Amino acid sequence: MSASKRLLYIANHRVFWTSIWRRKVTTWSPVGAAFNAKPLRRLDETVHFLPSQGLFGVPELNSPAGFEVATKKALKDTQELLDKVCSSPPGVVTVESFDQLSDGLCKVADLADFVKVAHPDPSFRDAAEKTCIEIGTVVEKLNTNVDLCRSLKNLLDEKKVLDQLDPETRKVAELFMFDFEISGIHLDEKQRKEAVKLHVQLLDLSNKFLMGSHLPNRIAKSAIPEHIHRHFATEGSYVQIGGLHAESSDDLVREIAYRIFLYPNADMMDCLDDLLKCRNKLAKLVGYESYAHRALQGTMAKTPVLQIIQHLHQPLSTHGFSYRTAIDFEMMKDMKTKLNPHNVVVVHETEGLLGYIYCDFFQRADKPHQDCHFTIRGGRQCQESGQYQLPVVVLMLSLPHPTKSAPTLLTPGMMENLFHEMGHAMHSMLGRTRYQHITGTRCSTDFAEVPSILMEFFAADYRVVNQFARHYQTGQPLPQNMVTRLCESKKVCGAADTQLQIFYSALDQIYHGEPQNRSTTDILKDTQQKFYGLPYIPNTAWQLRFGHLIGYGAKYYSYLMSRAVASMVWKQCFVKDPLNRDMGERYRREMLAHGGGKEPMLMVEGMLQRRPSIDDFVEALVSDLNPDFETFIMDSTS
């Protein structure tokens, strides 16, 4: 049977489908030495900071039952702080108590958020998930607590006291009040209870969608050619497909993976519909036009960005960029035809210890196949001890294990991802905010990706790569021409990738705008036709695998905006000398030190020493793909 007929057979015989919804002498740098070192123990045996101390040094967490103990302790401390806040006169102690209350909950919830997806023991994962839900529910109740809000409002309404606060403290107080407002504190008691109910419902729906978006689909072995079974995991008479297999050199493997992994699932379709309806209902209840309006308060964009996306899409369409995208797709087609006949301490030279980065780098069973940065504990100035609470983060990758004959060797893509996630870690380590509520990556979503994307520019510069990249046997540095070719290869199909990001961003904005009386798949098809150059594939539901709808709901455009800012910072500040210490200190001082304690556009302005316009953002994105783009526009309009 031909490949095309076989795939048609698959589509027409849904009896084979089931979804798993019933329960990823050479001198080496320290990083290089770590990768070359022979592992002493399996990674899943070293998850604990020390066996007797519990996870990340939290003594209660030496067993799954410890999560319940830690949760009860956090909730007890919360109640005591709640009583203190509500009975204290307005002043700086009000904000400090709010931040301490937030810190106590976040230290348990953030840790649990990592453990529930990364721990190799299912009992730990289940206990952590239960903790996330329990604390999340408490947080939503606190966000509609009238007495708690009144104590903060008394502070903000008393001008004499407010004027005595330093800018960072005032900013944090305003952010806490903003949390109250978007949660519906201004509503009557019945409506507030409805808001809490919707928040809890959203927690459940978000968790269900996020977990479901990563689960594999399976199909009977007899439904696909036998010679490709080896590319997939097997379970009895079924093969499991848990991803798109985009890096496979076999086009049939890629096509089958695409059709099976993205095959529509009715339960997940209902879950996404319910999620979007619930978000819209909550936004309308608390007084916003749409969920996008609510979500973008406090970001660089401020309001829904569909018009900005269209503004970006227009020059790409009218100045030959669509033609370039079409060329990219044609080149992909031609290529296809031709191809198929553990714990780091972060120390400053003068300031000493800055924080801790746990490196969870290697693959293991049940570990999500995604690269992530998790905040375990945020930095803050502890009023009770006078000491600075050092930040703790985890970098989670999915690298292959070393073998007997070779250490773990990183592909260019793996190295870029490592730099990207390290950018988030630097943001957490180098921030020195007074309050954990605004520490490190706890900032505007469309600013949070700037440090990580900026690190991608460093990863592509030979002057940086030459500092550490060596042949694992000879110790010879990576040749400069090879780095140059790798960097140029990243620009291949760059137009198509940018167009894809525009499509994703537009889809996200439309999903979270005014509700439409049609399915999410119909919306996907129309948006793809308008903003992207490849057609929708029938009987697929890519949106059900779009996990970013949870963490980045109405904010997916942040990737484009952050990439534009990172590009401007790189070109203006680092391209001449990526290792310039003075510019690095300015970067730390203007962009990394403040976390979310300063308006993001003011941080960008401080770094660039100018305020970028919308046209600057557009030009920054397209000039990365084509350095002559500005000249091209001038020539085409002259």
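**Group meeting: a look at our predicted protein**

Okay, so this protein has an accessible surface of about 31200 Å², with 54% of that belonging to carbon and sulfur atoms (areas by the Shrake-Rupley method with a 1.4 Å probe, where for residues only the protein chains shown count as cover). Do keep in mind it's a predicted model, where local features need pLDDT of at least 70 and side-chain atom pairs count only at pLDDT 80 or more, while totals for chains, interfaces and linings use all residues. Residues are numbered from 1 along each chain as its sequence is written, and side-chain values use heavy atoms, with hydrogens and water left out.

There are 27 helices and ten strands (DSSP runs numbered from the N terminus: H or I of at least four residues for helices, E of at least two for strands). Of the 638 residues, 50% are buried, as in under 20% relative accessible area with a 1.4 Å probe, protein chains only.

Now, helix 17, residues 450-459: how many of its ten residues are buried? Ten of them, among them Ile453, Glu456 and Phe457. They pack against several helices, including helix 15 (412-430) and helix 23 (558-574); contact here means heavy atoms within 4.5 Å.

Next pair: helix 5 (122-142) and helix 9 (189-214). Their axes come within 9 Å and cross at roughly 155 degrees (lines fitted to C-alpha atoms over the stretch in contact, angles from 0 to 180 degrees between N-to-C directions). That makes the two roughly antiparallel, the word for angles over 145 degrees.

Notes: Angles under 35 degrees count as roughly parallel, over 145 as roughly antiparallel, 65 to 115 as roughly perpendicular and the rest as oblique.
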